[in-house]
Amino acid sequence: MATRDRFGRRLIQLYAGLTLYGTSSALLVRSGLGLEPWGVLHQGLARLTGLTIGVVSIIVGAAVLLLWIPLRQRPGLGTVSNVFLIGIAMDGTLVVFPDVRSLAVRLPLLVAGIVLNGVATGLYISARFGPGPRDGLMTGLHRRTGRSIRLMRTVIEVAVVATGFALGGTVGVGTLLYALSIGPLAQLFLRVFDVPSASGGSTVVAEGQPERAILRR
């Protein structure tokens, strides 16, 4: 019974986390003060193609997932769910939240988006249903090349930000603030939402501390 309860809690965390992640990304879009690295790329591609940013997020996620094949990465339920749910939640939130112009509103949206992103990251990673496609690309390249997680993450994120910016994605103070704060925020909420293992220990420890592989810079 306890095992079933833990599994149910993990499922709730996974889907709540992915939904909140999409919502937080939409808040960053509405703030107009800068997006997270992959958000810059998604927005740039959306402006280029005329598709919604959520649809672009789904397409990019699926394309990145294909790159897992030569890297011999194995997707999980969370990986596949990540591809679709974040984009759907993002577009849904953008429909609900209209464009805003007042800086007095945009600044709180920026802060709320970054904090909510940290909460979302803690929820879905601690659920342990597999990394998102973009995180798996980073860890897969780390294993195949022998280069550090820090280097792989830096190279990938610089590349996506530069490409997104060239395509018209928004880079600003929010991008910098996100880069500086998301690691500590996600680390905090990973501890908050950690699901105890069947033996009563921490799942973060039991699973080889997966958050370090994703959050280490």
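Tutor: Two notes on the source. The model is predicted, with local features needing pLDDT of at least 70 and side-chain atom pairs pLDDT 80 or more, while totals for chains, interfaces and linings use all residues. Residues are numbered from 1 along each chain as its sequence is written, and side-chain values use heavy atoms, without hydrogens or water.

Student: How many residues of the lining of the largest cavity are nonpolar, polar and charged?

Tutor: The division is 14 nonpolar, 7 polar and 5 charged. Ala, Val, Leu, Ile, Met, Phe, Trp, Tyr, Cys and Pro count as nonpolar, Asp, Glu, Lys and Arg as charged, and the others, Gly among them, as polar.

Student: Why do Phe7 and Phe129 count as an edge-to-face pair?

Tutor: Rings of Phe, Tyr and Trp (its six-membered ring) pair if their centres lie within 6.5 Å; planes under 30 degrees apart are stacked, over 60 edge-to-face, the rest tilted. The centres of Phe7 and Phe129 are 5.7 Å apart and the planes stand at 80°, so the pair is edge-to-face. Phe7 sits in helix α1 and Phe129 in the loop between α6 and α7, so the contact ties together parts 122 residues apart in sequence. Helices here are DSSP runs (H or I, at least four residues), numbered from the N terminus.

Student: What makes the pair of Phe189 and Phe193 stacked?

Tutor: Their centres are 6.1 Å apart and their planes at 20°, so this pair is stacked. Both residues lie in helix α9, 4 residues apart, about one turn of the helix.

Student: Is Phe129 buried or exposed?

Tutor: Buried means under 20% relative accessible area, exposed over 50%, partly exposed in between (1.4 Å probe, protein chains only). Phe129 has 11%, so it is buried. Phe189, at 16%, is also buried. Phe7, at 41%, is partly exposed.

How values were computed
Helix = DSSP H or I, 4+ residues; strand = E, 2+ residues; numbered from the N terminus.
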